[in-house]
Amino acid sequence: MARWCYRHRLVVLLVWVGALLGLGFSASAAGTNYANVFSLPDTDSKSAYDLMEKAFPNTSGDTDTVVWKVDSGSVTDKAVQGRVQPALDKIAKLPGVGAVTSPYAGARGSAQISKDGRIAYAQLTFTKRANEIPKEQVQKVLDTAQAAERSGLQVELGGQAIQRVQEPPQGLSEMVGIIAAAVVLFLAFGSFFAMTLPIAIAVFGVGMGLFSTQLLSHTTDIPDIAPLLASLIGLGVGIDYALFIVTRHRRGILRGMDPEESAVTALNTSGRAVLFAGGTVCIALAGMLVTRLRFLDGVVIGTSLTVVLSVLAATTLLPALLGFLGPRVLSRRQRRRLAAEGPEPEKASGLAARWSANVQKRPRRIAAIAVVVMAVLAIPVLSLRLGATDQGNDDASTTTRKAYDLLAEGFGPGFNGPLQVVSVGGDTAKLVQGLQSTPGVAQVAELPPSQGVTVIQVVPTTSPQSKETDDLIDTLRDKVIPQAGAEAHVGGVTAVSKDFASVTGDRLPLFIATIIALGFLLLLVAFRSLVVPLTAALMNLIAAAASFGVLVAVFQWGWGLDLLGLGKEGPINAFLPVIMLSLLFGLSMDYQVFLVSRMHEEWVHTKDNARAVRVGLAETSRVINSAALIMVCVFLAFVLSGDSGAATAGVGLAAAVALDAFILRTALVPAAMHLLGNSNWWLPAWLDKRLPHLAVEPQETAAPEPTGPTGPATAIHGFVRTTDGDPVEAASVTLMSKGGRQLDRVTSLADGSYIVSVPAPGAYLLSVTSSSHGSKARQVTVAEGPVVYDVELAEGEVDAVN
């Protein structure tokens, strides 16, 4: 497939461009129809909602609030009323506004004025839900209301519709993330053309994913946070997957391979790992379905579709683009050096090789330090409290946060989250008395009944996000309502949030067990080992605990919130653990696959665990760390999205990826694998026979890859010696084709001599490994006759070739 895409690159590019433009045109013509459906069956708040929907069917429009405060005097003063009331009358006539309830309209309106007379509010009922109202209409409401401000009179607005207007421009976070990723890619590659490849793949994958999700929103319920999360994960994996393939391709060209052969080899090695990694991400995302929360179904659809399209772009569009670039995928300096000095095997040198050797020498110390760091970061997770964020968590400079604070100041902290006790039978008067006498209740108001349903508004004395309000809801349900002998249910936004957090918390263990079990089975089949998937599962749990510890410290305890400009501390959104764990488990599995697949490839060749772990870490740590740095940049950019859920997920995922790549995969995993030794690759024989074969690396075959004319079989022979000239006994000598296939493998004799069989003339890689004298690999060209090639090994030397 890679070869076909490379040779028919213009066709492939035109198909992708046509598909992107076609989907984009269709999506823009159809518009959006996102719907936030919180379905919580068998909960008290859902029963209350169903009763209210039946009795009061005309309350579907979004209700927002205009709040004003005077520095002196009263809001009922003629001067104040003369400025505010005309503005409210003007707002009532604006398109999209259904009704305005003013505090100046009769005796009933007096309840909308605070006891000290300095704060008042008016309710605006729009004709549609917040996400269906055009932003231009809401902006006119905002401008009209705030035009009434003057010195000594503050006017603020709150509500879901108003909140949408103050969000940053759509696409800002994605653009910032792409720019940051481009900088990292340019520093990693040193080539403008190579830098653009991962960006292009991510843009195509995310663009088509978002357009497809937008079209699907007309056929199924997809929440409005789904596109944000899809673009967040799509940008990350799209850039990362292309980065892994392009890195392998560049390495092949530097080793003297033809660009087409290098691209095919890169897709047949790193491309396989990308397919496998993308599958693990989709499976982890699909794990959300076991929670049976309808709200998350649309998130699964949007994010999984974007990941699938990103993988498809990386495996079909990328080889086509590589065909257009040819050798220009290298930097100018690399091309000049390649032309002047010829191909050279790439060495695992510099910091990566030194760190890999250091991990091999001190695995216990490094593992202990890594475990301590992760444990300390995980401590805050013990105080994790799930709930729901509201406009009290917005940034202090926003009008929604100011309106929230003014209402809390004038009418009490519980006014922003009133409870709705919905009664359908029993003694309502006794229920109202019981509610009024309950500690923690500030105000009780019984509304006129409709169709046998009575709604009683209960305003708590504490804020919607406080633990005391959660306790009050339990008290009303368990004691007050049963003692009054009424048939009633407690609803309202605060009660729904509490029930959602409870349901999510109850189903979280099943969800975690499901995605860990699925990930375990995939790695078991891929690497044919019991220990590798067990290690991966344990590392995923450690990464999850530490990243949630960071989330709690930042968003629940408030550490660094002002620095990030993310508003006020509060509970962690109830849906966030499920979404974050899905994304985290999928992404961490990516890094595990890329790291261990290279180790497994070396293990298959040498059966030397220490070498396999050392070489695998030395050759993949740099690209994994670059990929992680790109992910961190992309995720942190979503702090600018204006959506508190996406911002929280962005910070949490950035912390998770950084900890996973820089501490777990770079330090703890290789250290643990050194300590475990050959048992890393243990699998019972009976299980090995029953498992299907799924190769993350290409099949090992003895097929030659000659570069010159075919001829009779020949040989390479010589001696393996130290730098002092002493023979090296029992050194492993492996002959490999250009594509990395093992062709022959022998062990040096007591005098250091060896001989390997060569199937035909051509260019080959000769790898020599000794546990006591390091390793070396060189390219050897064989003509018509046997070639004499002596190898010198220096103690502790690492010269690994992929």
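Seven residues, Met175, Ile179, Val183, Phe186, Leu187, Phe192 and Phe193, make up a nonpolar patch on the surface, and their accessible area together is about 730 Å². Two elements each supply two or more of these residues: helix H7 (172–189) and helix H8 (192–216). H7 contributes the most, with five residues. The model is a predicted one.

Met175 sits in helix H7. Is Met175 buried, partly exposed or exposed? Its relative accessibility is 48%, so Met175 counts as partly exposed. The cut-off for exposed is over 50%.

Next, the sheet. Four strands form an open sheet in the order S7-S8-S6-S9, and the pairing is antiparallel. Strands S7 (441–446) and S9 (487–491) are the edges, each pairing on one side only. From one strand to the next, the twist averages 20 degrees. In general, strands of a sheet pair through backbone hydrogen bonds.

Which strand pairs with S7 over five bridges? That strand is S8, and the two run in the antiparallel sense. Within S8, Pro460 is the bridge partner of Val441.

Helix H17 lies across S6, S7, S8 and S9. Relative to S9, H17 runs at about 175 degrees.

The elements of this region have these residue ranges:

| Element | Residues |
|---|---|
| Strand S6 | 419–425 |
| Strand S7 | 441–446 |
| Strand S8 | 454–460 |
| Helix H17 | 467–484 |
| Strand S9 | 487–491 |

Note on methods. Residues numbered from 1 in each chain as written. Predicted model: local features only at pLDDT ≥ 70, side-chain atom pairs only at ≥ 80, totals over all residues. Heavy atoms only, no water. Patch = residues over 30% accessible without salt bridge, like charges linked within 9 Å, V, L, I, M, F, W, Y side chains within 5 Å. Areas by Shrake-Rupley, 256 points an atom, 1.4 Å probe, with all protein chains shown as cover. Salt bridge = Lys/Arg side-chain N within 4 Å of Asp/Glu carboxyl O. Buried < 20%, exposed > 50% of the residue type's maximum accessible area, 1.4 Å probe, protein only. Pairing = 2+ DSSP bridges. Axes fitted to C-alpha atoms, helices over the stretch in contact; angles between N-to-C directions. Contact = heavy atoms within 4.5 Å.
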